[in-house]
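Subject: A structure for you to look at

Hi there,

Here is the structure I promised to pass on to you.

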Amino acid sequence: MAKINDLIEQIKGLTVVEVSELVKALEEEFGVSAAAPVAAIAAAPAQGAAAPAAEEAAEAKATYNVVLKGLKADDKKIQVIKVVKEISGLGIGEAKALVESAPKTVKENVPTEEAKELQKKLEEVGAEVELA
């Protein structure tokens, strides 16, 4: 438990962008998604025929991560940075770093309606967005 507490203290010292990068690295390393319940990930391969039920559950998700995939055009970068800053609560420098290092998660665990609104808002200013 002491190791876990030490890790938590280290994570508290990270910026939002660094935490986002950490989550992505953990997802890639272990082949999981922070957006999906761990039990569903572990159970899906073992269930075989129950996989369609897992897919239906994923479609009926209550929350989504808003992921910035990139820019439709480089001349839209400033507008996208402004919207990312507004949505995420990041400072201008962190928002710029997030946009420049896309694909990145802008906001996590957002209710469905809000996620769709954020997606629309970002796409209107020239961003390519995915809800995961």
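Below is what I found in it, going from the whole chain to a few residues.

Please keep in mind that this is a predicted model. The chain has 132 residues, and 23% of them count as buried. Seven helices and three strands make up its secondary structure.

How much of the contact count comes from residues 24 or more positions apart? Among contacts with a separation of 6 or more, such pairs account for 68%.

Now try finding N65, which sits in strand β1, residues 63–71. Is N65 buried or exposed? Its relative accessible area is 7%, so N65 is buried, the cut-off for that being under 20%. The side chain of N65 also comes to 2.9 Å from the backbone nitrogen of N109.

Next, go to helix α1, which covers residues 2–12 and includes I8. I8 has a relative accessibility of 39%, so this residue counts as partly exposed; that class lies between the 20% and 50% cut-offs. Together with M1 and I4, I8 forms a nonpolar patch on the surface. The three residues of this patch have about 330 Å² of accessible area together.

Enjoy exploring!

Best wishes

Definitions and conventions
Residues numbered from 1 in each chain as written. Predicted model: local features only at pLDDT ≥ 70, side-chain atom pairs only at ≥ 80, totals over all residues. Heavy atoms only, no water. Helix = DSSP H or I, 4+ residues; strand = E, 2+ residues; numbered from the N terminus. Buried < 20%, exposed > 50% of the residue type's maximum accessible area, 1.4 Å probe, protein only. Contact = heavy atoms within 4.5 Å. Polar contact = N/O pair within 3.5 Å; in protein donor to acceptor, adjacent residues only side chain to side chain. Patch = residues over 30% accessible without salt bridge, like charges linked within 9 Å, V, L, I, M, F, W, Y side chains within 5 Å. Areas by Shrake-Rupley, 256 points an atom, 1.4 Å probe, with all protein chains shown as cover. Salt bridge = Lys/Arg side-chain N within 4 Å of Asp/Glu carboxyl O.
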